[in-house]
Amino acid sequence: MEHFQITLSNSARADIRQPVLCGVVSSGNLEVLMMQSDSGGICTVDVNTSAVGFRDVWQAVLADFNERHALGGMKIAINDAGATPAVVSLRLRQAYESSRSETQ
Amino acid sequence: MGEHAQWNRLGEGRTRRLGRAARLAAGKVIAAEQAVTLLEAVLEPGDRLCIEGNNQKQADFLAHALVQTDPARVRDLHLVQSVLALPEHIDVIERGQVSRIDFSFSGPQAGRLARLVETGRISIGAIHTYLELFARYFVDLTPNVALIAAEAADRHGNLYTGPNTEDTPAIVEATAFKQGIVIAQVSRVVDSLPRVDIPADWVDFVIQSPEPYYVEPLFTRDPALITETQVLTAMIAIKGLYAEYGITRLNHGIGFDTAAIELLLPTYAADLGLKGKICTHWALNPHPTLIPAIEAGFVQSVHSFGSEVGMEKYIAARPDVFFTGHDGSMRSNRAFCQAAGHYACDLFIGSTLQIDLQGNSSTATADRIAGFGGAPNMGADARGRRHASPAWLRAGRESRHDGSIPRGRKLVVQIVETFREHMEPAFVEQLDAWALAERAKMEVPPVMIYGEDLTHIITEEGIANLLLCRTPEEREQAIRGIAGYTPVGMGRDKRMVENLRDRGIVRRPEDLGIDPRQATRDLLAARSIKDLVRASQGLYEPPKKFRNW
Amino acid sequence: MNAKRLNQASYYEASARARIAGLVDAGSFDEFCPPALQQTSPHLALLDAPLAFDDGVVVGSARMDNRPILIAAQEGRFNGGSVGEVHGAKIRGLLIRAVREKPAAVILLVDSGGVRLHEANAGLIAISEIMRALLDAQAAGIPVIAVVGGSCGAFGGMGIVTRMCDVVVMSEEGRLSLSGPEVIETVKGVGEFDAKDKALVWRTTGGKLRRTLGEAAYLVDDNLDAFRSTLAEILGIARPDNALAALKADQAALTARRSTLADSADGLDIWRRAGFPAPEQVPMLDTDTFNILLAAHPLELAHE
Amino acid sequence: MSDGLIFDRLFGPSAHQVAIRGHFVRGQASIAGRRVEVIGTWDAAALDSALTLELAAAVLACVEAPRPPGEAPPPIVFIADTEGQALSRHEELLGLNGYFAHLARCVDLARRSGHQTLTLVNGQAVSGGFLAFGLLADRICALPGAQVRVMDLRAMARVTKIPFERLEVLASESPVFAPGAENYWRMGGIHEVWPDDRADWRPLLAEALAAIDASPAGDQRPQLGANRGGRLLAARIAERVALG
């Protein structure tokens with residue numbers, strides 16, 4: 001397993017009242033947990049992955065996701081069992097969308 | 001007199017060989033125990049030999065007999081056959097009985113073959129496409145002896161090849177009409193055949209094999225293993241390509257990506273109102289995953305290269321769709337279906353292991369010599385084609401940037417996920433084919449589909465329409481633009497890719513109105529093999545390894 | 001003719017969370033010890049194995065047809081739904097809570113191979129503690145309902161727990177048994193149990209067999225709606241009964257099953273004995289047809 | 001240990017009438033002036049449906065047995081010596097898990113009917129065979145030399161794909177996966193491991209039965225595991241779910 005934290009800055013503030021979990025930790029899949037934090041324009045992402053050596057790919061996937069979504073003040077935690085970037089992006093989007101619908 | 005003789009050397013050779021075999025049988029039927037003796041009698045050093053090894057059907061008994069022949073007598077053979085699939089095909093090389101091979105595909109034996117080539121124990125003439133090899137049977141690679149497989153024979157030597165006719169007609173026609181010897185292994189000898197697929201006077205010997213010939217269920221894909229990402233790419237293919245071009249005549253490669261497309265036809269495509277407008281005529285093996293689309297009335301016609309284990313009853317019950325004999329069973333024909341796929345289809349779509357920045361794609365890896373079978377025949381523009389169709393014309397229009405004379409173009413599409421399992425990228429700067437070419441001393445790197453034939457690439461990131469690219473730079477950025485987070489994808493010029501997106505050269509799922517979150521397995525018309533059986537009204541009988549009942 | 005569309009959500013393919021969402025009244029689910037607490041398994045971490053924020057089981061309260069229930073769902077795709085210390089404690093806690101809250105039922109969506117080997121001792125103890133807590137809930141009059149329709153089935157200790165429940169609901173894809181076929185094959189050889197022969201595995205452990213033997217009270221189609229409507233129906237009628245008379249009746253029935261099935265190799269023999277018209281067709285029958293046939297041809301046990 | 005000796009040491013030479021028939025143990029004995037029922041398995045029994053039904057029938061018979069008015073139900077002493085569940089396709093077809101579930105319910109009925117239940121692990125207690133009845137008792141004691149496990153480390157290494165050598169090292173740090181009665185003790189799954197320096201176990205047995213009376217109702221094992229430092233989360237998490 002490899003653990004690392006990626007920090008993203010984003011001035012658009014997230015609004016998550018209820019933490020949200022998407023996905024399942026199984027081969028080629030992952031779970032994404034999104035929570036509110038009080039860290040202002042910063043989003044921290046804790047990644048725990050079984051695929052060692054892909055930190056730069058995570059950085060790129062998360063940076064793209066950050067560009068399109070309001071992540072300021074969000075805390076994301078990920079347990080990954082070797083998901084491809086496509087699956088990672090999909091879960092991030094699913095988690096983000098359901099965090100919004102939970103707050104409505 | 002002497003002058004006459006030199007015009008019939010082949011005929012004299014045939015007489016000589018038959019003479020040596022005459023003591024083994026009164027008629028054409030020879031006992032299984034005599035198989036080795038028969039081969040030793042008819043084969044001569046330097047012979048071109050075809051051991052019928054198709055994609056699926058294998059003349060396995062005769063192959064096994066061949067490796068028991070005396071290497072002192074049976075030697076210096078030149079194998080000319082489409083597929084090297086059985087261990088015996090390689091064993092006979094290792095036994096030193098073969099000096100040269102010309103073939104198309106060797107997937108199951110690719111590793112062993114590569115080692116033999118590297119150690120200089122065999123020389124490869126060429127790795128062909130199927131059509132190319134069959135063509136050479138009639139030019140300069142005509143077999144002297146063909147060992148073929150059939151379902152049944154009658155006492156005269158008429159053969160019933162049944163649903164798995166595959167390569168047999170091409171092999172026998174070339175061999176029999178150039179004074180060669182045709183030996184058939186049959187699963188049974190009967191008084192009267194359901195139908196005659198190969199007439200008796202093209203066949204010299206018939207041997208009933210102790211076991212029926214082996215058939216591999218190569219084209220069965222279990223819907224349970226289709227991923228959400230494959231559902232997404234299938235949605236992109238249907239909406240962004242099939243619907244856009246109005247593709248009615250097509251061929252699908254084998255794989256879960258294309259199986260997903262087949263299973264979305266009665267659901268997603270039907271919801272888009274595409275029934276009757278796409279996917280009506282196919283050059284395709286009877287894929288079990290096509291059953292729901294057939295049952296939904298999407299499909300009018302399917303011609304097949306070979307059959308598929310378990311599909312026999314279903315095919316027989318759908319004669320309007322499949323090509324069947326008057327006996328009810330299917331007749332396949334690899335050579336004709338390859339020609340159909342090449343000339344009469346508007347689209348080929350398949351998957352690959354690697355795509356480079358020019359769009360060349362290959363499944364070759366450095367330590368395996370596998371060949372590509374039929375994919376290059378389907379996955380190439382048919383430059384000789386003259387008849388028009390809307391899809392063909394539109395592709396042609398899109399590809400002409402210079403005001404040249406109007407002409408159509410075949411759609412050749414690769415559908416891949418940006419990363420395969422274990423995070424292997426599908427997009428690379430250089431194909432592994434180059435490394436293989438160097439190790440195996442090939443004259444050209446083994447490319448499956450050339451970039452210049454490729455028209456579209458589909459990934460979960462979207463579609464790249466290479467027809468619309470005007471420069472090599474645009475083409476490269478279009479490929480990088482849908483290569484996601486692979487090193488190739490991350491090396492893209494973001495501004496240029498956005499520019500291509502504005503011009504519709506790169507289209508993201510959202511550009512097509514597709515929400516990736518809708519791409520769930522619940523869209524599949526069948527989620528398991530059992531669902532397929534039920535869709536077939538119980539007519540499909542899957543092989544045991546696919547059943548939990 | 002149009003092919004039948006499979007647009008209903010499959011229970012088999014749904015995640016644990018999606019199963020709960022598909023079964024309970026919309027918006028009624030309240031999770032206990034939720035993933036945000038990140039209560040992962042320290043033992044998996046010690047072995048450097050992937051973790052899950054819920055340790056592979058979701059527990060909480062909800063309403064079903066507006067009745068209060070407690071519900072647990074094992075996630076079969078995380079480590080085979082296996083029971084470790086945290087996972088087991090969550091299920092146990094739910095059953096303890098039931099004694100206090102008196103819900104209409106506790107529903108266990110079982111999808112598990114049993115004990116998690118990475119923390120085998122903790123898992124074994126945890127399952128025995130679940131068994132104790134389950135018996136306490138039943139003693140307090142709370143029915144416990146097991147649902148088996150996921151990819152891991154209900155094996156090992158969770159196979160025992162499932163059979164301790166008051167009602168078992170299965171789909172034909174569900175499997176309910178004790179030792180996994182792979183384990184039996186590894187120890188006793190392929191001649192004893194060919195684990196790759198999936199047809200045999202299902203005829204020995206699958207939903208249709210378990211329904212025939214009466215171990216599952218209901219066999220439903222593999223979709224969430226079918227499970228939901230059956231569970232709602234059960235809620236009103238299930239009552240725990242572990243009294244002496246009930247256990248004596250079970251003792252007699254289990255004894256009779258042994259002698260009745262002494263010569264049966266697998267489900268085929270059992271359906272033949274029950275008088276099904278075409279036993280070999282049973283595995284392919286749709287659920288409704290199977291249920292109708294079973295009602296007409298119940299398996300009679302030979303009581304001594 | 002030879003057949004009779006264990007009962008001599010437990011109850012004294014003349015205070016037991018326990019018969020061993022194959023893998024099945026059944027009898028009566030007395031300890032500290034109290035009559036006890038003895039039910040169990042012997043010689044590393046592979047627990048199958050037949051043996052399970054014998055055990056269940058014996059438990060039900062105890063519950064049903066008439067007693068003089070005012071006499072408390074006798075304690076039941078389970079002797080657990082099992083290599084685990086029988087591994088057989090036919091047993092799976094019968095639904096061996098259902099037989100185990102039935103036995104578990106019978107043990108619970110006995111407890112609720114006022115019988116104290118005490119398990120003595122003799123020889124070995126493995127996996128499903130242990131779950132079926134031994135682990136359901138009010139109190140569980142391991143006799144000297146008893147082995148308790150789910151799976152041995154080599155098999156575990158194969159299944160989890162973690163190298164055996166690494167598991168061996170980790171086993172010295174954590175009681176959570178490696179075989180051993182001591183590990184189960186630390187996790188609260190076993191209440192006592194009896195020392196192997198006593199010839200006479202009567203005092204230990206009497207104390208164990210007295211401890212059942214003294215302990216609060218309900219399953220105390222998670223708390224025990226926390227107190228002993230071998231299982232820190234089970235009690236806390238169950239409580240959070242139960243009360244949260």
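Select N29(A), which is buried, with a relative accessible area of 11%, where buried means under 20% relative accessible area, exposed over 50% and partly exposed in between, using a 1.4 Å probe and protein chains only. This is a predicted model, in which local features need pLDDT of at least 70 and side-chain atom pairs count only at pLDDT 80 or more, while totals for chains, interfaces and linings use all residues. Residues are numbered from 1 along each chain as its sequence is written, chains are lettered from A and ligands numbered from 1 in the order in which they are written, and side-chain values use heavy atoms, with hydrogens and water left out.

Next, display the contacts of N29(A), meaning heavy atoms within 4.5 Å. Leaving aside neighbours within four places in sequence, its partners include V24(A), D80(A) and R91(A), and also R77(C) from chain C.

Now select chain C, where 12 helices and 7 strands can be found. Its C-alpha trace spans about 55 × 55 × 45 Å along the principal axes, and buried residues make up 63% of its 304 residues. If you then look at contacts in chain C between residues at least 6 apart in sequence, 72% of them join residues at least 24 apart.

Definitions and conventions:
Helices (H or I, at least four residues) and strands (E, at least two) are DSSP runs, numbered from the N terminus.
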